[in-house]
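Subject: Structure for you to look at

Hello,

Please find the structure below, with the findings after it.

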Amino acid sequence: VLKLFKLLHRTRQEVFKNDTRALEAARQKINEEFKSNQGETSEEKINELLKIASDVEVILRTSVIQAVHTDSDKI
């Protein structure tokens, strides 16, 4: 669980690099989700939550695009 938690935070830092608002929002969401499920004892539910977290990490890494505004007419 801790390994996946750290991986999500590393992915967040890479994907939202130089975007402080997105970095903070992602940090809060990751921490909130892990904290809300901290007391879960059902092995089945824990495995399901880990699968979801793993899927989120893959989606962040492969599907999120950060655009950089370079000029008034260009991104």
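Helices here are DSSP runs of H or I with at least four residues, numbered from the N terminus.

Before the rest, two notes on the source. This is a predicted model, in which local features need pLDDT of at least 70 and side-chain atom pairs count only at pLDDT 80 or more, while totals for chains, interfaces and linings use all residues. Residues are numbered from 1 along each chain as its sequence is written, and side-chain values use heavy atoms, with hydrogens and water left out.

Helix packing

The axes of α1 and α2 are 10 Å apart, at an angle of about 165°. Axes are lines fitted to C-alpha atoms, for helices over the stretch in contact, and angles run from 0 to 180 degrees between N-to-C directions. α1 and α2 are therefore roughly antiparallel (over 145 degrees; under 35 counts as roughly parallel). On the α1 side the contact (heavy atoms within 4.5 Å) uses L4, F5, L8, H9, R12 and Q13, and on the α2 side L23, A26, R27, I30, N31 and F34. These residues are seven nonpolar, three polar and two charged. Ala, Val, Leu, Ile, Met, Phe, Trp, Tyr, Cys and Pro count as nonpolar, Asp, Glu, Lys and Arg as charged, and the others, Gly among them, as polar.

α1 also packs with α3: their axes come within 10 Å and cross at roughly 20°, so the two helices are roughly parallel. This crossing is left-handed. From α1, L4, L7, L8, T11, E14 and V15 take part, and from α3, L50, A53, S54, V56, E57, L60 and R61. By class, that contact has eight nonpolar, two polar and three charged residues.

The largest pocket

The largest pocket has a volume of about 630 Å³. A pocket is an open set of points on a 1 Å grid over the protein atoms alone, where a 1.4 Å probe fits, with protein on both sides within 12 Å along at least five of seven lines; lining residues have an atom within 4 Å of a point. The volume is the space filled by probe spheres set on the points, which are joined across faces, edges and corners. Of its 21 lining residues, I30, E33, F34, N37 and A53 are the closest to the centre. α1 (2-15), α2 (20-36) and α3 (43-63) each supply at least two lining residues, and α3 gives the largest share, seven.

Regards

Key
Angles under 35 degrees count as roughly parallel, over 145 as roughly antiparallel, 65 to 115 as roughly perpendicular and the rest as oblique. A crossing is left-handed if the near helix is turned anticlockwise from the far one by less than a right angle, and right-handed if clockwise.
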